[in-house]
Amino acid sequence: AQELSNTAWSFARFVFADLPLSAAISAAALTRLGDFTCQNLTNTAWADAVLLVADAPLLDAIAAEAMPKIREAGGQNLSNTAWAFATLSVL
């Protein structure tokens with residue numbers, strides 16, 4: 001899980017959009033979101049927002065996975081996730 005979110009984060013950090021890579025990360029993440037920590041969920045949503053990749057199935061799944069973990073998430077994770085969803089107009 002961490003390797004997927006870190007890869008997404010790294011490419012977004014350098015504003016390097018690669019749609020086939022984003023699609024591959026999304027497909028892999030969708031099968032493993034249960035293993036994602038709050039930070040992994042945040043990083044993945046943040047990366048999509050920075051690159052303006054509005055992957056609705058992935059973002060819906062991230063939202064569903066994040067809800068039960070919301071008490072574990074710190075302020076930074078909550079604000080970054082909210083920013084990502086707002087940026088992509090998912091709210």
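# Briefing: core, helix packing and selected residues

Asn-40 has its place in helix H3, where helices (H or I, at least four residues) and strands (E, at least two) are DSSP runs numbered from the N terminus. The model is predicted: local features need pLDDT of at least 70, side-chain atom pairs count only at pLDDT 80 or more, and totals for chains, interfaces and linings use all residues. Residues are numbered from 1 along each chain as its sequence is written, and side-chain values use heavy atoms, with hydrogens and water left out.

- Asn-40 counts as buried at 6% relative accessibility; buried means under 20% relative accessible area, exposed over 50%, and partly exposed in between (1.4 Å probe, protein chains only).
- Leaving aside neighbours within four places in sequence, Asn-40 is in contact with Ala-1, Gln-2, Ser-5 and Asp-35, contact meaning heavy atoms within 4.5 Å.
- Ala-1 lies in the segment before H1 and is buried, at 9% relative accessibility.
- Not counting residues up to four places away in sequence, Ala-1 touches Arg-32, Asp-35, Phe-36 and Asn-40.
- Ala-1 and Ala-86 are 24 Å apart, C-alpha to C-alpha, and 85 residues apart in sequence.

- With neighbours within four places in sequence left aside, the contacts of Asn-43 are Ser-5, Asn-6 and Trp-9.
- Thr-42, in helix H3, is buried at 2% relative accessibility.
- Outside four places in sequence, Thr-42 is in contact with Asn-77, Asn-80 and Thr-81.
- Ser-79 is found in helix H5 and counts as partly exposed, at 39% relative accessibility.
- The C-alpha atoms of Ser-79 and Thr-42 are 9.1 Å apart, and the two are separated by 37 residues in sequence.

**Nonpolar core**

- A nonpolar core is a set of buried Ala, Val, Leu, Ile, Met, Phe, Trp, Tyr and Cys residues joined through side-chain atoms within 4.5 Å.
- The largest one here has 20 residues, and those with the most contacts inside it are Ala-29, Leu-33, Phe-36, Ala-45, Leu-59, Ile-62 and Phe-85.
- Two or more residues of this core come from each of helix H1 (2-13), helix H2 (19-30), helix H3 (38-50), helix H4 (56-66) and helix H5 (75-87).
- H3 gives the largest share of this core, four residues.
- Leu-59, leaving aside its neighbours within four places in sequence, is in contact with Ala-45, Asp-48, Ala-54, Phe-85, Leu-88 and Val-90.
- In soluble globular proteins, nonpolar side chains tend to be buried together.

**Packing of H2 and H4**

- H2 and H4 pack at an angle of about 35°, with their axes 10 Å apart; axes are lines fitted to C-alpha atoms, for helices over the stretch in contact, and angles run from 0 to 180 degrees between N-to-C directions.
- The crossing of H2 and H4 is left-handed, that is, the near helix is turned anticlockwise from the far one by less than a right angle.
- Ser-26, Ala-29 and Leu-30 of H2 and Pro-57, Leu-58 and Ala-61 of H4 make the contact.
- By class, this contact has five nonpolar, one polar and no charged residues; Ala, Val, Leu, Ile, Met, Phe, Trp, Tyr, Cys and Pro count as nonpolar, Asp, Glu, Lys and Arg as charged, and the others, Gly among them, as polar.

**Aromatic pairs**

- Rings of Phe, Tyr and Trp (its six-membered ring) pair if their centres lie within 6.5 Å; planes under 30 degrees apart count as stacked, over 60 as edge-to-face and the rest as tilted.
- By this rule there are two aromatic pairs.
- One of them is the tilted pair of Phe-11 and Phe-16, at 5.5 Å centre to centre and 45° between the planes.
- Phe-11 is partly exposed, with a relative accessible area of 31%, and Phe-16 is partly exposed at 45% relative accessibility.

**Positive phi in loops**

- Most residues other than glycine have a negative phi.
- Val-15, not a glycine, has a positive phi of about 50°.
- Val-15 lies in the loop between H1 and H2 and counts as exposed, at 60% relative accessibility.
- Leu-52 also has a positive phi, near 55°.
- The loop between H3 and H4 holds Leu-52, which is exposed at 62% relative accessibility.
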